[in-house]
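Here are my notes on the model, as numbered points. Please read them with the coordinates open.

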Amino acid sequence: MNKLPEPYRLISFDTIDSTNKYALDAAKQGEEGGLWIWAGEQTAGRGRRGRQWSSEKGNLAATLLLLSPAPANLVGQLPLLTATAVHRAICDLIPPHMQAALRIKWPNDLLWGDQKICGILLESTFLVDGRQAVAVGIGVNCRTHPDKTDGLKAADIAQTGYDVSPEQLLERLIWQMADRLSVWQQGSNFAAIRDDWLSCARGLGQHVVARLPNETVEGTFEMLDEDGALIMRLADGQTRTIYAGDVFLPGMHSEMQK
């Protein structure tokens with residue numbers, strides 16, 4: 001791999017249980033932020049809400065460790081930022097005419113059409129010195145994929161006819177994350193990230209279904225608010241702000257894992 005942008009570093013493993021776990025453990029042991037952890041295979045990867053994330057050889061499993069990257073109330077913007085960085089990184093490696101099929105489903109799933117090819121999981125903990133350690137976990141199906149993930153049908157980049165190696169993708173991702181974090185300015189310029197996200201959004205202006213912990217809400221995906229929450233226009237004309245949940249479009253496979 002070519003030289004990385006300052007001050008980022010990279011360590012790699014053939015096999016690891018969880019790159020996110022390694023990142024948070026390393027932070028507790030004094031590791032500084034800006035560290036990328038990359039594994040050829042991940043045996044205990046996780047998705048949102050404790051769901052399993054399969055990461056086999058030939059796919060990308062990586063985590064970026066950040067220390068207090070923004071005020072704690074703005075750290076929740078990072079999954080959307082990361083999704084735009086992954087989108088840019090993949091687009092760097094596929095022809096322009098293929099890029100329109102790659103979209104972001106709120107908040108941070110990357111889809112090829114209606115099939116999921118990337119999952120992002122943010123985990124964090126506060127260290128004894130008061131700093132917040134944030135593990136930004138990224139899993140991309142480069143060459144293989146499970147039948148489904150998070151209730152969605154899954155796909156991989158190789159299905160498009162273009163072989164993208166995890167090594168190639170990681171290099172582009174490191175540079176794109178560095179760029180997006182610089183633009184973000186520790187949360188003070190989320191407006192630029194928001195515009196970037198909206199430019200490649202899946203479902204904007206369409207009818208969507210949001211499955212929340214205790215209810216299901218339907219309406220039109222109208223916009224993102226200033227912090228990245230989804231604003232939904234309900235049938236009665238009122239708006240509802242969705243801060244967390246699983247969002248689907250009609251016709252999208254939505255059998256939720258229990």
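1. Gln176 sits in helix H3. Helices (H or I, at least four residues) and strands (E, at least two) are DSSP runs, numbered from the N terminus. Gln176 counts as buried because its relative accessibility is 9%; buried means under 20% relative accessible area, exposed over 50%, partly exposed in between (1.4 Å probe, protein chains only). Leaving aside residues up to four places away in sequence, Gln176 touches Ala85, Arg88, Ala89 and Asp92. Contact here means heavy atoms within 4.5 Å.

2. On provenance: this is a predicted model, in which local features need pLDDT of at least 70 and side-chain atom pairs count only at pLDDT 80 or more, while totals for chains, interfaces and linings use all residues. Residues are numbered from 1 along each chain as its sequence is written, and side-chain values use heavy atoms, with hydrogens and water left out.

3. How do H2 and H3 cross? The axes of helix H2 (residues 78-91) and helix H3 (residues 166-184) come within 8 Å, at roughly 135°. Axes are lines fitted to C-alpha atoms, for helices over the stretch in contact, and angles run from 0 to 180 degrees between N-to-C directions. H2 and H3 are therefore oblique to each other (under 35 degrees is roughly parallel, over 145 roughly antiparallel, 65 to 115 roughly perpendicular, the rest oblique). The crossing of H2 and H3 is right-handed, meaning that the near helix is turned clockwise from the far one by less than a right angle.

4. The H2 side of this contact includes Ala85, Arg88 and Ala89. On H3, Gln176 is one of the residues that meet H2, and Leu173 and Met177 are also among them. By class, the contact of H2 with H3 has 11 nonpolar, three polar and four charged residues. Ala, Val, Leu, Ile, Met, Phe, Trp, Tyr, Cys and Pro count as nonpolar, Asp, Glu, Lys and Arg as charged, and the others, Gly among them, as polar.

5. H3 also packs on helix H4 (residues 190-199), at an angle of about 130° and with axes 7 Å apart. H3 and H4 are therefore oblique to each other. Arg180, Val183 and Trp184 of H3 make the contact with Phe190, Ala192, Ile193 and Asp196 of H4. These residues divide into five nonpolar, no polar and two charged.

6. Now the sheet. Seven strands form an open sheet with mixed pairing, in the order S1-S2-S3-S7-S6-S5-S4. Strands S1 (9-16) and S4 (102-105) stand at the edges with a single partner strand each, so one side of each has no neighbour in the sheet. Direction ignored, neighbouring strands are turned by 20° against each other on average. Two strands pair if DSSP finds at least two bridges between them.

7. Strand S3 (residues 60-67) is mostly covered, with eight of its eight residues buried. Leu60, Ala62, Leu64 and Leu66 point one way, and Ala61, Thr63, Leu65 and Leu67 the other. S3 runs antiparallel to strand S2 (residues 35-42), joined by five bridges; Leu35 has Leu65 as its bridge partner. S3 and strand S7 (residues 132-140) are also antiparallel, over eight bridges, and Ala61 stands opposite Gly139.

8. Which helices lie across S3? Helix H1 (residues 19-28) runs at about 25° to S3 and lies across S1, S2, S3, strand S6 (115-126) and S7. H3 lies across S1, S2, S3 and S7, running at about 25° to S3.
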